[in-house]
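Here is a walk through one protein model. Keep the structure in view as you read.

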Amino acid sequence: MAFAGLKKQINKANQYVTEKMGGAEGTKLDLDFMEMERKTDVTVELVEELQVKTKEYLQPNPTARAKMAAVKGISKLSGQAKSNTYPQPEGILADCMLTYGKKLGEDSIFATALVEMGDSLKQMADVKYSLDDNIKQNVLEPLHQLQMKDLKEVMHHRKKLQGRRLDFDCKKRRQAKGSQITDDEIRSAEEKFAESLQLAQVGMYNLLENDVEQVSQLVTFAEGMLDYHSQCSEILKVLVETLNEKREEAAARPKSEFVPKTLADLNIEILGSQDGMNASPLPSPMRSPARTPMPSKPTQPCCTALYDFEPENPGELGFKENDLITLIQRVDENWFEGSLNGRTGYFPQSYVQVTVPLPTN
């Protein structure tokens, strides 16, 4: 009995495939329905692509995005939530200016100008973080919900409609050829076909007529960008005024005459100074420069660390940036097993760059 049921299902599936490949499309739907399907397909692609491009706009550095994704994946594996902030380029530049401005000292006008500009860039980075949070919450999150709920439901009804339409057409053809298909079976298949057609049409209509909400998300996006650029513009206006004042201060500062100090001023004993100023220094013996051995190229499978990796779970291998790690094996598409300084463990592929790959076999 089980074999007979399986054979029946296989024959039914083969008949569907034969109809599809033979060009027997069966019941045709009207042009309005086909246009709704086309627009729905475009919307599916749009929502997916828009999410990707918006994330790239907010976080344009692909290396930083990959590192954040790797840390997020490791946090999921370990069951621990770990916050990770995207490094805004304004903030990175600000750290550089602030560091060297403080090293130069407050007596340098250039140093104080560096600190002023670093502080302004820090403010711009904070404004960019606010834009990031705003767009994620009010644009990306609704798009994700649309993708995972409404679009998923509409595509489910469309797929179900296709199957029920094939079933309805198949039973009609079999009855016309004299097969033992009753009118009740035809009627049941027709009712299911009509039900799926109704659900698919209503779902696509509601999706395509939701312009108000979707345009509102674009308004939110544009307003967030306007607010971001407006705040950055105000910060830069103040900065330019401050730097102009620093430039005028530097131009007005009187320049003192500089006289380089001699060895005598520095109380450094000069060779032969007691026997006469014309005494020449003794020649130093010639030495051949020491040859630095060339580093040997590694031959065994290994990789170089791109970032620091702190192990969070037993069995993971920690390392620092630029460490050379010996590869033992590939665990899966995302993880390696390797050794470093006598320690062996697992680590994510995205944290390293393979120097000598593992054997392909």
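**From overall build to single contacts**

Buried residues make up 28% of the protein's 361 residues. The model is a predicted one. Its accessible surface comes to about 25,800 Å². Carbon and sulfur atoms account for 55% of that area.

Now follow the chain. The secondary structure comes to seven helices and five strands. From the N terminus on, the order is α-α-α-α-α-α-α-β-β-β-β-β. Contacts tell how the chain folds back on itself. Take those with a separation of 6 or more: 65% of them join residues 24 or more positions apart.

Which residues of helix 2 are buried? They are F33, M36, T40, T43, V47, Q51, T54 and L58. Look at the spacing of these positions along the helix. An α-helix has 3.6 residues a turn, so residues three or four places apart point the same way. What covers the buried residues of helix 2? The cover includes helix 5 (109-176), helix 6 (183-208) and helix 7.

Helix 2 also carries charged pairs. Side chains of opposite charge can pair when their charged atoms come close. E49 and K53 form a salt bridge, at 3.8 Å from N to O. Both lie in helix 2, four residues apart, about one turn of the helix. E49 counts as partly exposed because its relative accessibility is 43%. K53 is partly exposed too, with a relative accessible area of 43%. K53 has a salt bridge with E56 as well, at 3.7 Å from N to O. K53 and E56 are three residues apart in helix 2, again about one turn. E56 counts as partly exposed, at 30% relative accessibility.

E195 and R164 meet at 3.1 Å, N to O. This pair links distant parts of the chain: E195 sits in helix 6 and R164 in helix 5, 31 residues apart. E195 is partly exposed, with a relative accessible area of 44%. Salt bridges also link E37, D41 and R158 in a network. How many salt bridges are there in total? The count comes to twelve.

Next, the cysteines. A disulfide is a covalent bond between the sulfur atoms of two cysteines. How many disulfides does the model have? The count is zero, with a cut-off of 2.5 Å between sulfur atoms. C170 counts as buried because its relative accessibility is 2%, and buried means under 20%. C96 is partly exposed, with a relative accessible area of 40%.

L263, L266, I268 and I270 make a nonpolar surface patch of about 340 Å². Where does L266 lie? L266 is in the loop between helix 7 (211-252) and strand 1 (302-305). L266 counts as partly exposed, because its relative accessibility of 47% falls between the limits of 20% and 50%.

Notes. Residues are numbered from 1 along each chain as its sequence is written. This is a predicted model: local features need pLDDT of at least 70, side-chain atom pairs count only at pLDDT 80 or more; totals for chains, interfaces and linings use all residues. Side-chain values use heavy atoms; hydrogens and water are left out. Patches are made of residues with over 30% relative accessible area and no salt bridge: like charges are joined within 9 Å, nonpolar side chains (Val, Leu, Ile, Met, Phe, Trp, Tyr) within 5 Å. Accessible areas come from the Shrake-Rupley method with a 1.4 Å probe; for residues, only the protein chains shown count as cover. A salt bridge is a side-chain nitrogen of Lys or Arg within 4 Å of a carboxyl oxygen of Asp or Glu. Helices (H or I, at least four residues) and strands (E, at least two) are DSSP runs, numbered from the N terminus. Buried means under 20% relative accessible area, exposed over 50%, partly exposed in between (1.4 Å probe, protein chains only). Contact means heavy atoms within 4.5 Å.
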